[in-house]
Amino acid sequence: MSTTTAEKAPKKLKTSALKPRSFVSWVTFAFMSVAVITWLFPFWMAVANAIKTPQDFLEQGPLAWPAHPTFEHIVKFWNDSNFPLKFWNSTWTSLAAAAITVLLGFLTAYAIGIGKIKGRTWILGVFMVAFTIPQEALIYPMYNAAKKLNLYDNLLSIVLIFGISGVAFATYLISSVLNEFPVEVLEAAKIDGANAWRMMVDVVLPILRPTLMVITVMVFIYNWNEFLIPLVLLPSNDNQTVSLGIALTVGQWTAEPTARAAAALLGALPSILFFVIFQRSLMRGVTMGSSK
Amino acid sequence: MKFNKKTGARVAATAVAAALAMGSLAGCAPAGSDTFTVWWYEKDTAMAKTWDAALKELGQKHPNVKIKFELKTWDQIQKAGNAILDSDKAPDLAEWNKGNATAGTAAAAGLLVDLKDYAAKYGWDTKLPSSAKLYGQYDDKGLMGSGNLYGIPSYGEYVSWFYNKDLFKKYGVEVPTTPEELDNVLATLKSQGAVQAFGGGGYQNVHMAYALAVSQADQQWVANFQQFKGDVDWSKWEYAANKIADWRAKGYFEKKASGVSPDDAVAGFQAGKYPLILGGTWLDQTTADKAKFDWGKFQNPGTLSVGSAGNLLVIPSRSKNKDLAAEFIDLVLSTKYQNMLGNEGGLPLLADQAALTNPVTQKSYSVFDAIVKADGLAMYPDWPVPGYYDVQLAAGTKLVADGDAAAYVKTIKDFYDKGKAELQ
Amino acid sequence: MSAATVSKDVKQKAGKARQTSLDKGKGQYYAYLLPGLLAFTIVIVGSFLFNIYISFTRWNGLGAPRWIGTKNYENLFVDSVFWESFLHAFMFIGAMSIVPTFLGVFVASMLFDYIAPRFGNGAAAFMRAGFYMPQVIPLTITGVIWVWLLNPVSGVINNFLTGVLGINKDVTPNWLGDENLAIWSLSVIMVWIQIGYTIVIFMSGLSRLDPSLTEAAQLDGATWFQRFRIIILAQLAPEIGVVLLTTMVAALKVFAPVYVMTGGGPGTSTQVPAYFSYFHFFTTHKVGYGAAVATILALLLTVLAIVILQIQNKQQAKENQR
């Protein structure tokens, strides 16, 4: 099994054990299906109207599927807003920051969860409280520091800020997983003469790898969607992230509803694709902190 | 891919190293006199076309300079412009919003170059009419109207009514010359099911309120309101708010105007769906391009009009290419480019009237000329205090939605009083 | 010395030796703590403390801050917009925390306990993903999509009302332009965003439930609804606690949707503390004032978190006693 021993495996049903479907259950199924479709309706509208010509929009309105679908709006917005650059900015900064977060988080959690150093409850407590601090209570000092350190309008600044901001969250999650780490394995390693480093690299890390991957995915998406910090620290167009760039440039480049839909679609698409690919990891990560 | 701990560590290390490398490289962008960074937020306007051409000529004159242009938005400068000026990412030359709230605070903070020497060198002092120059002058408290010269205006702008001549004929109304006639026009239109286009959810509500207020005011009132020369007579604002509430009650604009953006309203007018709209000269050229009907402009009836010298060209104190920036400004002020601005449909300050052939400019210029001759420019309402624009916008949207004139006046008066106390 | 005492002595010495070797081991762990803790303290704690300092000064971001004591807080106390912003933040708690939690428990158990057993895990997982989708895209993009959908003239919603339901187009609501309606429109959008999160957490919580409990109840003839009330809700208590906490924190921190969709308007009907703070930081340049708002928000969130954690701990203790 690829899950850690600390996680409980979700109960799965064998298909042969499906319960019989009554009429009421079909009605319920239909109801739930309609609910899901309604939930996804905005995305559907964005897709339909992003490929609609202004002519079709005037004649058919926003609800209908376009009679003459075209990609020209999407292409135009892609070029005008320099979408590839923004995509690249978002991706590499989110990834680098996630790497920093997981690395630092793991080291810190290791000391807390395995090393069980003194004062660890206090440290975890501070981290938990830090969780709740709103970014507005941090942003002006960060903006000030960025200017003084020559990091203003520099993507490195958000890599550092995202990376370090996430340490509290990552430490908390990883240490709660490490708390349940089987003591026998650690004892055996100690008897073999392992010091802390060897234990971390040879014993703990291999077992924790899947968990760390999951947390990386979570943090990556979280960084990707960030808005306030890039808004304040990245004024020039070339340094914008997707989340920031689309929000700011929508008024600039578009006056037509179909063009606006194209912009919104491009902004949402990377996240949706990412979600579809990494769904399982993401779901696991979201639930990790909740089950104690 | 087999992801064991070794590859994992290697990937992580590479990622961090790459990040650091990228970050530091980005920070090492060639700064120095071989790059010339320019910002403005004109898009598709006559100014954009003219400045583009002037920038090209500057590039030809200095072939070893790399010209880096960035298109910003008015909103970006309004909301956070000073933050950028105070960093080493400040551009070498920029278009800037005029007024206490933007250029004023920047000037007072020492973020803009005092253009005194360049003005003397190039003769801007004598070229620019004093009524235009004052928009670029700020005192040590950052109040507009007097003091050192920090920004150069190169065009004019004003707000007036655009109207669809064909629809006016169809509905049997004429261009009004007094506020009462304007009301009658709106009433006649309404009786036949036509209303003005109104982007009440955006900047149009800000301009509408001020346009109505200053239509009842004089230059002394403007000086009091904008430059704190005296106490503000708020009855003009009450007139404006009550008028908007009145129009709302009578249905002279759409019930849901507070949810309509100016872009949408303008698009509707240019598509021929509405007989008139209150708009600025920045709409001249696009209207000429898009409107398939005969159109014209008329001054908002009353004493003064919303308008001023156009946005400023400024040289940030942190500019690394101040001389080049001054050269560009001089190009823009030259007759060649001022004429070009006029012929592209803009409102130049220093053009050779005889050389203006664009019929759109002529349409706009005649109204502008009349206003300027009557000393009728009243500036813009959000200039006096920082953050005023956001407050007026939000309050205006609410006024358009619920017609509560008293609440509107109270909100904008309170914010003004607070801001004024801090600036003085 | 007798043989017994000798061996006892040796045993004690050996025990002590093992003890000290373990203790010696502990010291080395501190080094692992250092990088993360140091970075965190400097960047996060440092910024937070500096922000608190700024809240006691008057500063426009340039030059040096000027100490003015509690003046900013005194001014905030009488600033009606400040109070309104918190009122709206609490309304968002309803929209982002209470409603999604209740709906989420219901939908999660529907999917897990009713749909999955009858239609397979695939169907349930697909529906879960569908509900979760809004959580994945950036909040700003959500804002852009909904502004477009809610446009009173060309927007999808109103076109649906006039085209499909035949409602007169003069009566269709002005979703974001009516100051009585705007905050409710935002709230509904928040529910749309947040419900996926609660569903995912609760479904995972349900998966750790002992199925024998529910099977026994079924054998006893309990309906789905009875099972839901008695077993599921009780078992999900810890998850409910976590979800309420995290969503309340998120509700009080709302920024991006307001920035993109309404800018706090019409009037001040959608003003929120985060946006109010930003407005004073970067538009009016009253940095000290903005810092005060941010500090109060942070304090409120910390107190909230501590209170909920205490409640949770007490609940946990009660459970453990059972």
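Student: Which residues of helix α16 of chain B are buried?
Tutor: In α16(B), residues 335–343, the buried ones are Y337(B), Q338(B), N339(B), L341(B) and G342(B). Buried means under 20% relative accessible area, exposed over 50% and partly exposed in between, with a 1.4 Å probe and protein chains only. Helices are DSSP runs of H or I with at least four residues, strands are runs of E with at least two, and both are numbered from the N terminus.

Student: Before going on, what sort of model and numbering is this?
Tutor: This is a predicted model, where local features need pLDDT of at least 70 and side-chain atom pairs count only at pLDDT 80 or more, while totals for chains, interfaces and linings use all residues. Residues are numbered from 1 along each chain as its sequence is written, chains are lettered from A and ligands numbered from 1 in the order in which they are written, and side-chain values use heavy atoms, with hydrogens and water left out.

Student: Back to α16(B). What do its buried residues pack against?
Tutor: They pack against α2 (46–61), α15 (322–333) and α17 (359–373) of chain B; contact means heavy atoms within 4.5 Å. Just after α16(B), G345(B) has a positive phi of about 105°.

Student: Which residues other than glycine have a positive phi?
Tutor: D153(A) is one of them, with phi near 60°. D153(A) sits in the loop between α6 (136–148) and α7 (155–179) of chain A, and it counts as buried because its relative accessibility is 7%. H285(C) also has a positive phi, near 60°. H285(C) is in the loop between α13 (273–282) and α14 (287–321) of chain C, and is buried at a relative accessible area of 17%.

Student: Salt bridges next. How many over all chains?
Tutor: The search of the whole structure finds 21. A salt bridge is a side-chain nitrogen of Lys or Arg within 4 Å of a carboxyl oxygen of Asp or Glu.

Student: Which residues make up the network?
Tutor: D238(A), K68(B), E70(B) and K72(B) are linked by salt bridges. Within it, the side chains of E70(B) and K72(B) meet at 3.0 Å, N to O.

Student: Are those two buried or exposed?
Tutor: E70(B) is buried, with a relative accessible area of 6%, and K72(B) is buried at 2%.

Student: What about K398(B) and D402(B), how are they placed?
Tutor: They are four residues apart in helix α18 (residues 388–402) of chain B, so about one helical turn separates them. K398(B) is partly exposed at 21% relative accessibility, and D402(B) is partly exposed at 24%.

Student: Now interfaces. How much area is buried between chains A and C?
Tutor: About 8500 Å², of which carbon and sulfur atoms give 78%. Buried area is the accessible area (1.4 Å probe) that two parts lose on being put together, summed over both. On the chain A side, W39(A), E136(A) and Y140(A) lose the most area to chain C, together 10% of what that side buries. The contact takes 98 residues from chain A and 92 residues from chain C.

Student: How many salt bridges and polar contacts cross it?
Tutor: Between chain A and chain C there are zero salt bridges and six residue pairs in polar contact, both residues at pLDDT 80 or more. A polar contact is a pair of N or O atoms within 3.5 Å; within protein, one must be able to donate a hydrogen and the other to accept it, and residues adjacent in sequence count only if both atoms are side-chain atoms.

Student: Last one, H88(C). Where is it?
Tutor: H88(C) lies in helix α4 (residues 80–119) of chain C. At 5% relative accessibility, H88(C) is buried. A polar atom of the H88(C) side chain is 3.2 Å from the backbone oxygen of S269(C). Leaving out residues up to four places away in sequence, H88(C) touches I183(C), T268(C), S269(C), T270(C), Q271(C) and V272(C).
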